[in-house]
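I opened this notebook page to look up the ligand sites of one model. The sequence and structure are placed first, and my entries follow.

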Amino acid sequence: MSADAAERIRLDQALRGAMERDEFELHYQPQIDLRSGGIAGVEALIRWHQPELGLVSPARFIPLAEETGLIVPLGDWVMRTACAQMAAWQQAGLAPPRIAVNLSARQLWQGHAAERVAAVLCETGIPAGCLEVEITESVVMRDGAEAVQALSALRALGVTLALDDFGTGYSSLSHLRSLPLNKLKIDRAFIQDLTTRSDVAVLVQQIIQIGHAFKLRVVAEGVETRETADLLARSGCDEVQGFYFGKPLPAQDLEALLRQHSRRPSLAAVKP
Ligand code: C2E
Ligand code: MG
Ligand code: MG
């Protein structure tokens, strides 16, 4: 057995018991409205505190959980935990306007995604309009008609839909137009080169224009500098997310940011 296969088995075994052992946690990263400077929403991002391996990145275990099917119960846990957190923030009068949750391919295809989400909305009592579901580009491009059906069922609940990591897959623009989306998230790979490469800057400007032509809000991911944020604002980008405005934070720390924001409704003065 190769070292890689052995490592995957070890990781899979550790992953299986992790939910019962309460080793997962959600962190929340702010998304900023470039026009108002206010918090437009937060994205829930999973973290795994594995006792032997330390903090394991979702980039390492989400693909494995997808392969083994564990993503379905794990994804349900993420959805319930994120919506319950939003309900708690709403009760405390601190809630951001929206909470975004990533949905993996398998969750979307393994049936009843909309029913599962509807059950969580009902259980936690948050309005559907406060929930955004993020789906990666490769998922929706894989099967046209089925994707439209699954996404339409989610939209019918009143949740909004964002296309994540835009630009990394093979989007057909005509297919993009047929999807019931609300938002495009431009992948970090483009944003990190935005201020140093003029070809990338032109490409990003064009993505923003395409998004707007399709009546979508456009979000830039991975904004790490003021210069990048300024250039995106000048290019008409609607929202930004990235370390410059705030790293993904545990709920309590994000709460401090929300409190600070409720006193001074602009993040412009909050230092990264
Ligand atoms: P994503 O949904 O595109 O999330 C954005 C990723 O970029 C996050 O990585 C975030 O920490 C990182 N990021 C945000 N701003 C910056 C920045 O300014 N600079 C840099 N270098 N990175 C930034 P993270 O948390 O490691 O998550 C990686 C991916 O794992 C996510 O990409 C998403 O595809 C997946 N993921 C995370 N949580 C979940 C989940 O609950 N369910 C599912 N299905 N997938 C998840
Ligand atoms: Mg995402
Ligand atoms: Mg992304």
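Conventions. I note that this is a predicted model, in which local features need pLDDT of at least 70, side-chain atom pairs count only at pLDDT 80 or more, and totals for chains, interfaces and linings use all residues. Residues are numbered from 1 along each chain as its sequence is written, chains are lettered from A and ligands numbered from 1 in the order in which they are written, and side-chain values use heavy atoms, with hydrogens and water left out.

Ligand 1, surroundings. I looked up the shell and found 20 residues around ligand 1, the closest being Arg47, Asn102, Asp164, Glu224 and Phe243 (a residue is near if one of its heavy atoms lies within 4 Å). This shell comprises eight nonpolar, five polar and seven charged residues, with Gly counted as polar. β2 contributes the most, four residues (strands are DSSP runs of E, at least two residues; helices are runs of H or I, at least four). Elements giving two or more residues are β2 (39–50), α2 (58–68) and β6 (160–166).

I took pairs of N or O atoms within 3.5 Å. A ligand oxygen lies 2.8 Å from a backbone N or O atom of Phe243, and an oxygen of ligand 1 is 2.9 Å from a side-chain N or O atom of Asn102. A ligand nitrogen is 3.1 Å from a polar backbone atom of Ile46. The protein covers 83% of the 800 Å² of accessible area that ligand 1 has on its own (Shrake-Rupley method, 1.4 Å probe).

Magnesium ion (ligand 2). I listed its protein donors as Glu43 (OE), Asn102 (OD1), Glu134 (OE) and Asp164 (OD), at 2.0 to 2.3 Å (donors are N, O and S atoms within 2.8 Å of the metal, or 3.2 Å for Na, K and Ca; water is not among the atoms, so sites may look incomplete). Glu43 lies in strand β2 and Asn102 in strand β4 (residues 99–102), so this pair ties together parts 59 residues apart in sequence. The donor spacing reads E-x58-N-x31-E-x29-D.

Magnesium ion (ligand 3). I recorded Asp164 (OD), Asp165 (OD) and two entries of Glu221 (OE) as protein donors, at 2.0 to 2.4 Å. Their spacing is D-D-x55-E. Asp164 bridges ligand 3 and ligand 2, which lie 4.3 Å apart.

Technical notes:
Polar contact = N/O pair within 3.5 Å; in protein donor to acceptor, adjacent residues only side chain to side chain.
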